[in-house]
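Trainee: Before we look at the model together, could you show me how to read the way its helices and strands pack?

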Amino acid sequence: MAANPSRLILRPSLNVYFNSPNSKTLTFLDHSLSSPLSLLAPRRRRCFSIGTRCFSSLSSSSIETHNVNPSSSENGGRSGGFMPSPITETPQKVDVNPPKGTRDFPPEDMRLRSWLFQNFREVSQLFGFEEVDFPVLESEALFIRKAGEEIRDQLYCFEDRGNRRVALRPELTPSLARLVLQKGKSVSLPLKWFAIGQCWRYERMTRGRRREHYQWNMDIIGVPEVTAEAELISAIVTFFKKLGITEADVGFRVSSRKVLQEVLRCYNVPEELFGRVCIVIDKLEKIPLDEIKKELKSVGMSDEAIEELLEVLSIKSLAKLEERLGTSGQVVGELKQLFALAEKFGYSEWIQFDASIVRGLAYYTGIVFEGFDRQGKLRAICGGGRYDRLLSTFGGDDIPACGFGFGDAVIVEPILRGESSYILGAGYICLFLAFK
């Protein structure tokens, strides 16, 4: 009677046999354990010719041996001749914290985020806006517009395997403009769209500022009148009221990019320098005034023009602005109209004029605004304005447009810390979370 094949068990689904007791050919029968019947039907049979020296090297693998022909002289009558050497691996410790500037959302934080997003959606839909979304990963070219823009240096960007330059979106407005161009004439104007999306910026972290955050955007496309800006500010005020936050806690500073244009025109500053000047002015209250003057001079402005510009930017009332610029310009008329609409909408006590507000993004063209914490502990809570010429920078026809961005981190942090100025809103949230 022929000797039974010697058997090595490598793993439950892979059996190894010698074809004969002294053979140097192995047969592998591979079984799947996906079902009990699969053990009866081998899927693959593979034969390998190996030498004794090669086979002995298997002792470094995790192989369990059973009855490897104990009577054979090659094995000296010993069982377990191919027992493996023990392998000791030290598990590598993983940093359990998320990358710097990012967040986890355990259940209690997820409840708060869901509640916040629910309020974003309810307010947007109350004002007749429809929700849209865009890819988190976009073409890098979408966000590179003007040299010197802060956002340009904050991109998480890289080259993908197809040699394409891509970036994690730092904001939502360029993606919205791309989608509007893509839709073309298949959509009817005006468009009222909102989005809640994750954004990424590699920036210096301060209170309420992270490298990853979620942003609520509302945009109106196709309305040239100031009524669009008035509606957007009204929506933000409605949101604050839903949270129990009042005009004593938060306000809006309002101005227009056209104020700067008027001053620069008086001093014959070339129009192509306008964007660079706006980027510098946006750093007011962030860096010393002497540094602001140095940067403006490096842009190409004269000392006289710099002093005049800074003097105009210090104006905090429309009456004084009108005295300085006169009534013939368009800028004063638009701002007056906005404040009149604020009165009709019922939020005039929330807004104030501040000529120094210009916003740092190059695409703004008219009225701009920022939400601010009246205690002065936070940077801008939200901000936006008119960007009538953004679409042409992407090769399309210009369409009147305006919108705002509102980050989640900057408003959640003071509420969660229970600061006195947000105590009503904090109580509302705590009650909500307690009964969720």
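Trainee: At roughly what angle do the axes of helix 2 and helix 4 cross, and within what distance do they come?

Mentor: Keep in mind that this is a predicted model. In general, two packed helices are described by the angle between their axes and the distance between the axes. Here the axes of helix 2 (residues 107–126) and helix 4 cross at roughly 135 degrees and come within 10 Å. Angles over 145 degrees count as roughly antiparallel and those from 65 to 115 as roughly perpendicular, and helix 2 and helix 4 are therefore oblique to each other. The crossing of helix 2 past helix 4 is right-handed.

Trainee: Which residues make the contact between helix 2 and helix 4?

Mentor: From helix 2 come Trp-115, Leu-116, Asn-119, Phe-120, Glu-122, Val-123 and Leu-126, while helix 4 contributes Ala-235, Thr-238, Phe-239, Lys-242 and Leu-243. Sorted by class, the residues of this contact are 8 nonpolar, 2 polar and 2 charged.

Trainee: At about what angle does helix 4 pack with helix 10, and how far apart are their axes?

Mentor: Helix 4 (residues 227–243) packs with helix 10 (residues 330–345) at an angle of about 45 degrees, and their axes are 9 Å apart. Helix 4 and helix 10 are therefore oblique to each other, and helix 4 passes helix 10 in a right-handed crossing. On the helix 4 side, Thr-227, Glu-229, Ala-230, Glu-231 and Ser-234 meet Leu-338, Leu-341 and Phe-345 of helix 10. The class count for this contact is 4 nonpolar, 2 polar and 2 charged residues.

Trainee: How many strands form the open sheet, and in what order?

Mentor: Strands of a sheet pair through backbone hydrogen bonds, either parallel or antiparallel. In this model, 8 strands form an open sheet with mixed pairing, in the order 6-10-11-16-15-14-12-13. Strand 6 (130–131) and strand 13 (351–353) stand at the edges with a single partner strand each, so one side of each has no neighbour in the sheet. Within the sheet, strand 14 (residues 367–373) and strand 15 (residues 382–386) run antiparallel and are joined by 4 bridges, with Val-368 standing opposite Gly-385 of strand 15.

Trainee: Which strands of the sheet does helix 3 touch?

Mentor: Helix 3 packs on the sheet by touching strand 10 and strand 11, and its direction makes about 45 degrees with that of strand 11. The buried residues of helix 3 (residues 173–183) include Pro-174, Leu-176, Leu-179 and Val-180, and its buried residues pack against strand 7 (137–139) as well as strand 10 (191–200) and strand 11 (212–221). After helix 3 comes Gly-184, whose phi is positive, near 55 degrees.

Key
Residues numbered from 1 in each chain as written. Predicted model: local features only at pLDDT ≥ 70, side-chain atom pairs only at ≥ 80, totals over all residues. Heavy atoms only, no water. Axes fitted to C-alpha atoms, helices over the stretch in contact; angles between N-to-C directions. Helix = DSSP H or I, 4+ residues; strand = E, 2+ residues; numbered from the N terminus. Parallel < 35°, antiparallel > 145°, perpendicular 65-115°, else oblique. Left-handed = near helix turned anticlockwise from the far one by under 90°. Contact = heavy atoms within 4.5 Å. Nonpolar A, V, L, I, M, F, W, Y, C, P; charged D, E, K, R; others polar. Buried < 20%, exposed > 50% of the residue type's maximum accessible area, 1.4 Å probe, protein only. Pairing = 2+ DSSP bridges.
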